[in-house]
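Hi,

Here is the structure I promised to pass on. Have a look first, and my notes follow below.

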Amino acid sequence: MSRRLGAPETLWGTAEGGDEQRELERYRSLARMVDGGLCQCDEQGCIELVDDGFRSLTGYPGEELTNIHISTLFDDAGIAAIDDVLGSTPEDDPVVETTVDIRTANGDDVSCTVRVTRVPPIGETHEDEGEAESEGEGESVLCFIRDYRDASAADPETSQDEERGSASAASNTDRASADSIRSALNGANIGAIVLDESRTIRWLDETAEAFLDLDRESVLGQSKRTVIEDQLADRIVEPASFVSRVRSRESENGSKNDGEIGAKVGDNPHETEGDRTGGHATDDTAVDDYLEFKLVDEHGERWLEYQSKPIETGPYAGGRVEFYDDITDRKRSEGKLRKSQEAFNTLVDTVEEYAIFRLDEDGYVVSWNEGARQIKGYDRAEILGEHFSTFYTDEDREANVPERNLGIALETGSVEDEGWRVRRDGSQFWANVTITPVRDDDGTHQGFLKVTRDMTDRRNRERELETELQRVFNRVSDALYALDNEFRFTLVNDRAEELLGYPEADLLGESLWDVFPSAAEIEDVRDAFYTARDEQVPTDYELYYPRLGFWVEANLYPSETGISVYFRDVSERKQREQALEESKQRYRTIAEYLPNGIVTLFDHDLEYTLAAGQGFEKVTEDPAEIEGASFEEVWSPDTRETLEPVLRSALEGEERSIELWHDGREWVLYAVPVTDSEGAVFAGMTMAHDITERKENQRKLEETIARLEESNHRLEQFAYAASHDLQEPLRMVSSYLQLIERRYGDAFDEDGEEFIEYAIDGADRMRRMIDGLLAYSRVETRGDPLEPVDLENVFANVREDLQLQIGETNAELTVTEDGLPRVQGDANQLRQVFQNLLENALEYSGDDRPRIHVDAESRVRNRRREWVISVHDEGIGIEPSDQERVFEVFERVHTREEHPGTGIGLALCQRIVERHGGEMWLESEPGEWTTVSFTIPAAE
């Protein structure tokens, strides 16, 4: 872009004949038509000249700004732009554009764009090959300023008073202004075209040539309409009706309007609301005009902003001056913004968790999304046009809450509210509501955006949580107080009142540092509070506080609104810890004389505080090196991997043990927590014993047991084989005896019959003994797997089998009220136990009616839950000397004539119980009663 304004053929070059006053008048008119304001500063940044637009924008009269430094009005960005231009050389010829905030006379900030260009010294002329030396005043800069709000709209008409005021300015000032305006037009990168009253092109600058791709020589003196139709019509692609509108303007207004680019305001799809309200008069010389259009040529496409203003004075009065600005970047941004807005609208329509809708300025609904329909129950058609107070309760409407919320939103920029709202069906929900005013680019209020969320579920949860928190708070045994961010008390519980020595009423609202000024002098205390508040991290401290007279343990938990402090009196614990330090020597003395073992104490950091014991004679570690050292430093990686989980468990309150090899010997290590009287774990202890010899003896014992079990197994096999093999000859003897009795019974005398009877009875007894022996030998080898068994069912089956014997003896058989339990066992073998015990109870009941009671009692032995089952009778009893013997195989207390039997029943029962991991015993009072009891594991 050229900045040479002095060529003779230009309209406003150096005036011929020295008519500078006429030239200055032309520039004064041009300055009034520039959409913005102009300000000229000297090289020190002091304001020299301003135009009416600058005075209007800042609110200052011109004389108040003279010699004022520009930093009074411009922010840092504007000052930097001026410095960049002043720091450049004339050959650089820079134009700097930036955004600034300008401070107005009433103290407000106005966001503007500013273009800064260098103004040559008066008397300086520009040559083709360089610049002549300045013979006048120093350099200065010209600032062209446009308000953001008016960046795309036409300026208001210049008042006649301002025009007359400008006309009366001193001639020297006017001459400087003319130079400034020349620089401003070129420096601001704005093209200009001047038309006379017949719309003939009289002048255009090089920027206009470049923007419109026109040749100056070919268009000067041409009708603007001709230029449009011949050179621009096929390149202006938007708006599509551009050329036809130019022709229609000619038809409506005659040749006076020939070629004017600005068609009727309102026909342009890109015009703003302000353009439409400005209107357009038939006498177009009296109004401003505005248009945006897109031009396409071999250089690509670009958007231009066009402004046309009437020329009211001078040789071209009745004509118009047109300004062109390249707004391609802005239009692209607007396109992206439009797409973003469309995406936003789509998002709003699809959001279902929020009711999002707009209100007009008076609060009537003008839009409605799907979330609003779901939350409030209204369809779009039935709610549009209704006042938003429809959603409020009667009480809120009577209290003017809806109107008050709109007022607060307008005043503060937004309002957030929570409360009950009403759905279409009359039901209520708890809502979070945000109302934000909507304004257009110039700040005009257009309505409100209202966002509502149904928070009923959250409110209910919060109420439940508050109730629970209150219950928890009431159960808190520690002292608790809360502070706001200024360290003022907001809550004090009963225990805190007791420890602090003040009732809550005296503390609320008071500063912690005022109540306890000495606490502020303790560095640990002050750091804990300020760190918790400023860094929002939990902190703690423990120290003796003389003012309270006890050791304080405090934990601080920050939040956005303040700090919660839990503290307690730990004086007793500190005394116990002191006692533990004092008793460590006693621990050491005991540990050092612990035979064959090693004792250690360690803290929560796994640092050893004690190591002693005679077992250290068997390892390479030295107890003196272990004390004060960390776990990591003492043990090898393999040993650490084995020991660390056990030590950690002790510090967490668990007892653990582990066996390990170390230095060629086998050890068992027990790790236990060390607690205070309140149960708090403050250390851990290990006790390690050398079990090398014991383990060797245990292995030998296990080998012996294995050999015995093998021998027992062989004996069982032998007993089974022997009893099985005896069955066949016994059956033969018994069969032939019975055959002799049947065939030759009549031939025997009385003695012979007695002998035959003895032989048959002996064979039967032998068979029963062999059956019993066979059953005894099969207990381990022929039993079923142990599984949960209901003893109630087992007992019922036995009772049914013995029903005949029970009936014949009129026996009374009872069971405990709670019934028999479920146990872990072999149902068939347990049935055998019950049957043998009940048969014995019936057999040895004496002459009285048998009375038998079965009982069950639960107990825990060796960390295993088991049941004690007892069968009690009121029979003849057993002498103390016989109570052990009855459990031996084939041992009998009574003669066969008194009580028949094989003498193997109780031995078989005992063997079955032992297979179940239990034991059996007998208690008796001769002539009174007998109780046989056995244990059996509870069901898993």
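A search of the whole structure turns up 5 cavities of 30 Å³ or more. A cavity here is a set of points, on a 1 Å grid over the protein atoms alone, where a 1.4 Å probe fits but cannot get out, and lining residues have an atom within 4 Å of a point. Volume is the space filled by probe spheres set on the points, which are joined across faces, edges and corners.

Before the details: this is a predicted model, where local features need pLDDT of at least 70 and side-chain atom pairs count only at pLDDT 80 or more, while totals for chains, interfaces and linings use all residues. Residues are numbered from 1 along each chain as its sequence is written, and side-chain values use heavy atoms, leaving out hydrogens and water.

The largest cavity has a volume of about 210 Å³. It is lined by 15 residues, and those closest to its centre are Ile598, Trp635, Leu643, Leu669 and Ala688. Helix H26 gives the largest share of that lining, 3 residues (helices are DSSP runs of H or I, at least four residues, and strands are runs of E, at least two, numbered from the N terminus).

The second largest cavity comes to about 170 Å³. Closest to its centre are Tyr481, Ala519, Tyr541, Tyr545 and Leu548. Strand S18 contributes most to this lining, with 3 residues.

Among the buried ones are Cys909 and Arg911.

Cheers

Methods. Buried < 20%, exposed > 50% of the residue type's maximum accessible area, 1.4 Å probe, protein only. 1 Å grid on protein atoms, 1.4 Å probe; cavity = no way out; pocket = protein on both sides within 12 Å on 5 of 7 lines; lining within 4 Å.
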